[in-house]
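Colleague: I have a structure open and would like to learn how to read its features one at a time. Could you walk me through it?

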Amino acid sequence: MAELITVDDPDDPRLYDYTGLTDVALRRRREPAEGLFIAEGEKVIKRAVRAGYPMRSMLLSAKWVEVMRDVATEAPVYVVSPELAEQVTGYHVHRGALASMGRKPLPTVAETVEGHPPRRIAVFEDLVDHANVGAAFRNAAALGVDAVLLTPRCADPLYRRAVKVSMGAVFQLPWTRLESWPGDAEILRSAGFLVAALCLSDRAITLDELVSRKAEKLALVFGTEGDGLTRGALAAADEHVSIPMEAGVDSLNVAAASAVVFYATRP
């Protein structure tokens, strides 16, 4: 096991990666720029390690040292009291274990959709809520989606909240960011995907109709919370698709909608 380093000063510079975790705006800027993300809890940390993300350090309360021993091999392990952890991070660390992980380079869109040809991919356009991003990733992993593509303005799936809600599913699925959306829809079409936009539209077919077509490759496109898909995305899609609703309800939360669509379209 790596050397255990007891820290009792919340201003210790070695804890810099963990400072201000509740400041969303700050962490959105810092983490991608510095090539790191924060994993929280035993299961999530171990899944990140298994997925090949390099560990920079761990921040543990004493009772978690033994539990995390198998992944605490080389990176520094800072042991702190729960009170000091709260001072540093800005919140009570319920699971008692945090790890600062290094990011891996993202593959290109072509590598994601052509290198190991998937049959179903999800495209998330401009989702800004990290909980929705995490839930949608978890749905995609659980229901057999092969890869995820994010538009440039979509929230970071490696942000702590997204990782936590996904229960580490963000580490299981191949994913990357589109560079030019909706122009990159043509890359998907050229790779043989039927691009299906989930939306409310006069020209929409039902989800049942989409399933009945038995398309060999599907790119399922979901829009941002509230506003839905942009006009550009709708224009770029091959089909508009809606989930039949009852009781006067016209739409579902994007995470719930993704679960329904991923289940219905599974091979």
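Modeller: A residue is called buried under 20% relative accessible area, exposed over 50% and partly exposed in between, using a 1.4 Å probe and protein chains only. Strands (E, at least two residues) and helices (H or I, at least four) are DSSP runs, numbered from the N terminus. As a general idea, side chains in a regular strand alternate between the two faces of the sheet. Here, Ala97, Ala99 and Met101 point one way from strand 5, while Leu98, Ser100 and Gly102 point the other way, and all are buried.

Colleague: What should I know about the model itself?

Modeller: It is a predicted model, where local features need pLDDT of at least 70 and side-chain atom pairs count only at pLDDT 80 or more, while totals for chains, interfaces and linings use all residues. Residues are numbered from 1 along each chain as its sequence is written, and side-chain values use heavy atoms, with hydrogens and water left out.

Colleague: Back to strand 5, then. Which strands join strand 5, and do they run parallel or antiparallel?

Modeller: Two strands pair if DSSP finds at least two bridges between them. Strand 2 (residues 36-40) runs antiparallel to strand 5, with five bridges joining them; isoleucine 38 has serine 100 as its bridge partner there. Strand 3 (residues 55-60) also pairs with strand 5 in the antiparallel sense, over five bridges, and methionine 58 is partnered with alanine 99. As for cover, six of the six residues of strand 5 (residues 97-102) are buried.

Colleague: How many bridges join strand 9 to strand 12?

Modeller: Three, and strand 9 (residues 194-198) runs parallel to strand 12. The bridge partner of alanine 197 in strand 12 is histidine 240. Strand 10 (residues 205-206) is also parallel to strand 12, with two bridges, and isoleucine 205 stands opposite valine 241. The side chains of strand 12 go both ways: Glu239 and Val241 point to one side, His240 and Ser242 to the other, and all are buried.

Colleague: Which residue forms a salt bridge with lysine 46?

Modeller: Aspartate 70, with 3.4 Å between the closest N and O atoms. Lysine 46 is in helix 2 (residues 42-50) and aspartate 70 in the loop between strand 3 and strand 4 (77-79), so this pair links distant parts of the chain, 24 residues apart. Lysine 46 counts as buried at 14% relative accessibility, while aspartate 70 is exposed at 52%.

Colleague: And how are aromatic rings read?

Modeller: Rings of Phe, Tyr and Trp (its six-membered ring) pair if their centres lie within 6.5 Å; planes under 30 degrees apart count as stacked, over 60 as edge-to-face and the rest as tilted. Seven aromatic pairs are found in the whole structure. Phenylalanine 124 and phenylalanine 222 have ring centres 6.0 Å apart and planes at 55°, so they form a tilted pair. Because phenylalanine 124 lies in strand 6 (residues 120-124) and phenylalanine 222 in strand 11 (residues 218-222), the pair ties together parts 98 residues apart in sequence. Phenylalanine 124 is buried at 0% relative accessible area, and phenylalanine 222 is buried at 2%.

Colleague: Where does the charged end of arginine 266 sit?

Modeller: Over the ring of tyrosine 263, 3.7 Å from its centre. The criterion is NZ of Lys or CZ of Arg within 6 Å of the ring centre and within 35 degrees of the ring normal. Lysine 104 likewise lies over the face of tyrosine 53, at 4.4 Å from the ring centre.

Definitions and conventions:
Salt bridge = Lys/Arg side-chain N within 4 Å of Asp/Glu carboxyl O.
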